[in-house]
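Welcome, and please keep your viewer open beside this text. We will go from one selection to the next and say what is there.

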Amino acid sequence: MSQLEFYTGLSALWIALAWLPYILDRIMVRGLLGAMANPSPDLPAQSAWAVRAMAAHKVAVEAFVAFGPLAVLAMIRLPDDGYPGILAMTFFIGIFAHYWIYVAGITVLRTLSFALAALSTAALGLRV
């Protein structure tokens with residue numbers, strides 16, 4: 001398995017699991033049935049960190065929509081090039097850090113970590 005395949009898969013796995021913390025908060029705040037209910041203004045609001053986690057997860061999904069196809073294209077067109085693997089690693093580090101920094105509410109670092117992931121995607125697009 002190449003570094004590109006590993007970090008692209010790890011990014012996808014992380015994004016697939018990143019909803020768990022805010023759903024657990026929803027269960028803690030609203031109870032199990034309230035967490036499964038349709039959205040309603042009557043239900044208690046989620047914790048501030050969980051609202052930020054939902055936003056960070058949405059950003060990660062949107063970022064991966066651009067990165068994922070480029071990574072697959074690089075796997076097909078540039079199988080022996082090591083640079084896309086480095087970019088996949090920096091994308092993962094950026095998007096993973098972005099989530100937790102966003103949850104913690106640290107604004108400047110949040111933007112910088114997202115910029116790392118976005119620039120990794122841009123560089124991968126230019127390389128392909």
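**First stop: His57**

Select His57, which sits in helix α3 (residues 48-77); helices here are DSSP runs of H or I with at least four residues, strands are E runs of at least two, and both are numbered from the N terminus. Before going further, note that this is a predicted model, where local features need pLDDT of at least 70 and side-chain atom pairs count only at pLDDT 80 or more, while totals for chains, interfaces and linings use all residues. Residues are numbered from 1 along each chain as its sequence is written, and side-chain values use heavy atoms, with hydrogens and water left out.

Is His57 buried or exposed? His57 has a relative accessible area of 12%, so it counts as buried (under 20%; exposed is over 50%, partly exposed in between, with a 1.4 Å probe and protein chains only). Now show what surrounds this side chain: leaving aside residues up to four places away in sequence, His57 touches Ile15, Ala18, Trp19, Tyr22 and Tyr99. Contact means heavy atoms within 4.5 Å.

Move to Leu33 in helix α2 (residues 20-36). Leu33 is exposed, at 67% relative accessible area.

How many salt bridges does the structure hold? There is one, and its partners are the side chains of Arg127 and Asp81, at 2.7 Å from N to O. It links distant parts of the chain, with Arg127 in helix α5 (residues 107-127) and Asp81 in the loop between α3 and α4 (83-104), 46 residues apart. The term requires a side-chain nitrogen of Lys or Arg within 4 Å of a carboxyl oxygen of Asp or Glu. Arg127 is partly exposed at 39% relative accessibility, and Asp81 is partly exposed at 24%.

**Last stop: zoom out**

Show the whole protein: it has five helices and zero strands. The C-alpha trace spans about 55 × 30 × 20 Å along its principal axes. Of the 128 residues, 34% are buried. Among contacts with a separation of 6 or more, 75% come from residues 24 or more positions apart.
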